[in-house]
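This report describes a protein–protein interface and a protein–DNA surface. The sequence and structure come first.

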Number of protein chains: 2
Amino acid sequence: MNSKTSTEKVKTAQRKEIGRQAQKSASTRKIIVEAALSCIAKYGYAGTTTPIIANEAGVSRGAMMHHFNNRSAVIGAAIEYLHEKRLRAFKRAIAALPKDKLQLHDGLKAYWKHVTHPLYVVFHELAVASRTDKGLAKILQPAQAAFYDEWYNLSYDLFPQWRSNTDALELAMDLVNTTLEGVAIRHLSIPEDIERETRLFNYLEECLSALKPKL
Amino acid sequence: MNSKTSTEKVKTAQRKEIGRQAQKSASTRKIIVEAALSCIAKYGYAGTTTPIIANEAGVSRGAMMHHFNNRSAVIGAAIEYLHEKRLRAFKRAIAALPKDKLQLHDGLKAYWKHVTHPLYVVFHELAVASRTDKGLAKILQPAQAAFYDEWYNLSYDLFPQWRSNTDALELAMDLVNTTLEGVAIRHLSIPEDIERETRLFNYLEECLSALKPKL
DNA sequence: AGTAAAAAACAATCGTGTCTGTTTTTTTTA
DNA sequence: TAAAAAAAACAGACACGATTGTTTTTTACT
């Protein structure tokens, strides 16, 4: 049987005060999880093997397997960590924007920055792998859906002018989403062409201005 | 030393007349290559192992290794085959369009069909894998570049009205390219939403109409 | 008979999961 | 409070299965 999962272990250790052991445990877990993300970025999902992760983390594979029951558990924890990090970073970027005279430009730029962030390729890598790995899909999909949800809600809050026409908002978001992600993914196989991309970026901004409901 | 590559073998066999043996050889090679593509579509690039390909092709692994020196050779042949097939299918779709009163709608639809074709996910799968597999990248990149080139040239030929403003053409193509590919890739992790997609599709068409240089 | 195709067998490597043993920390108990 | 017991962190080694490339054997064709 599986006895208790690693997460449960942490929880029981955390109750009352945080002992040194629990601290160390959390610390190495974090190190391992970050190493896993780093490996996915460097070597791809298939290339992220347990010995490689352990090596990247600077711990023995035995220690790693003590904290996580199997490879999937490591990947799962990495996804969770990645999701939170991604969301936090995006929210922080949004929060840094001027609330009063918020321009479409700023929102667009924030999303662009998000999509060109190194961690985005990790998410994309996982998304592609999940197509043929149902187990992975089961872990990844909720995070993916949650992110889009959050993104939509944030946009709804931030751009009150659009609330009168949610269809337009949805269209605008789809346009931004697909286009920018398309550009980001193109970078994988084709060297970036700043000039062309900024032209596209500017055009997209024009489109949004035109789509914006008039008060 | 690698002695002669499988391709060379075929060539020597093909010179003079096409013997039945050479025919069979070409036939099984094709079967293997198609099986490889099928496997990439089904199990992903990492999951496409030599036993699986051979099994899918219905030949022994030994026979397969007789025709291809190693796994890379199979993949390489598959990419070449895929590229030609993709290009041919796209050209055929373009050729089927009405030459006289060609609408943007038709061109857009053709590209959309191309991007939702099952073989497109194979190409995308390979593109992602090539990020962390430089050997693969070396094979894939030329095909990728050639396809984009061909696409651009075709568009240039098909829409003479745009020739007066190549900047607009380039922008339009970037917009179409990134958006549609973005939608296609979204399908990997998120179930399609026909309504939203057609709305986006129609909007894209409007954008193109507006971008079109006036005569 | 001789050559190519196909199949099978082989050796080497690699990744995974499990198991055993050691050290350190925490908890219990005297 | 100090010693003993329990639990957790960690390291290394093992066995199993899978994949790859090579080599050997069998089959089919000309």
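Arg199(B) and Asp167(A) form a salt bridge through their side chains, with N to O at 3.7 Å; the term requires a side-chain nitrogen of Lys or Arg within 4 Å of a carboxyl oxygen of Asp or Glu. By this rule, 12 salt bridges cross the interface of chain A and chain B. Helices here are DSSP runs (H or I, at least four residues), numbered from the N terminus. With 14 residues, α9(A) gives the largest share of the side of chain A that touches chain B. That side is made up of 19 nonpolar, 10 polar and nine charged residues, where Ala, Val, Leu, Ile, Met, Phe, Trp, Tyr, Cys and Pro count as nonpolar, Asp, Glu, Lys and Arg as charged, and the others, Gly among them, as polar.

The model is predicted: local features need pLDDT of at least 70 and side-chain atom pairs pLDDT 80 or more, while totals for chains, interfaces and linings use all residues. Residues are numbered from 1 along each chain as its sequence is written, chains are lettered from A and ligands numbered from 1 in the order in which they are written, and side-chain values use heavy atoms, leaving out hydrogens and water.

In contact terms (heavy atoms within 4.5 Å), 38 residues of chain A meet 38 residues of chain B. The two chains bury about 3500 Å² between them, and carbon and sulfur atoms give 58% of this area; buried area is the accessible area (1.4 Å probe) lost on putting two parts together, summed over both. Arg131(A), Thr178(A) and Tyr203(A) supply 18% of the area that chain A buries against chain B, more than any other three residues.

DNA strand C has 20 residues around it, of which Arg20(A), Thr50(A), Arg61(A), His66(B) and His67(B) come nearest; a residue is near the strand if one of its heavy atoms lies within 4 Å of it.

| Residue | Part of residue | Distance to phosphate oxygen |
|---|---|---|
| Thr50(A) | side chain | 2.4 Å |
| His66(B) | side chain | 2.7 Å |
| Ser60(B) | backbone | 3.0 Å |

By class, the surface near DNA strand C has four nonpolar, 12 polar and four charged residues.

Terms used: Helix = DSSP H or I, 4+ residues; strand = E, 2+ residues; numbered from the N terminus. Polar contact = N/O pair within 3.5 Å; in protein donor to acceptor, adjacent residues only side chain to side chain.
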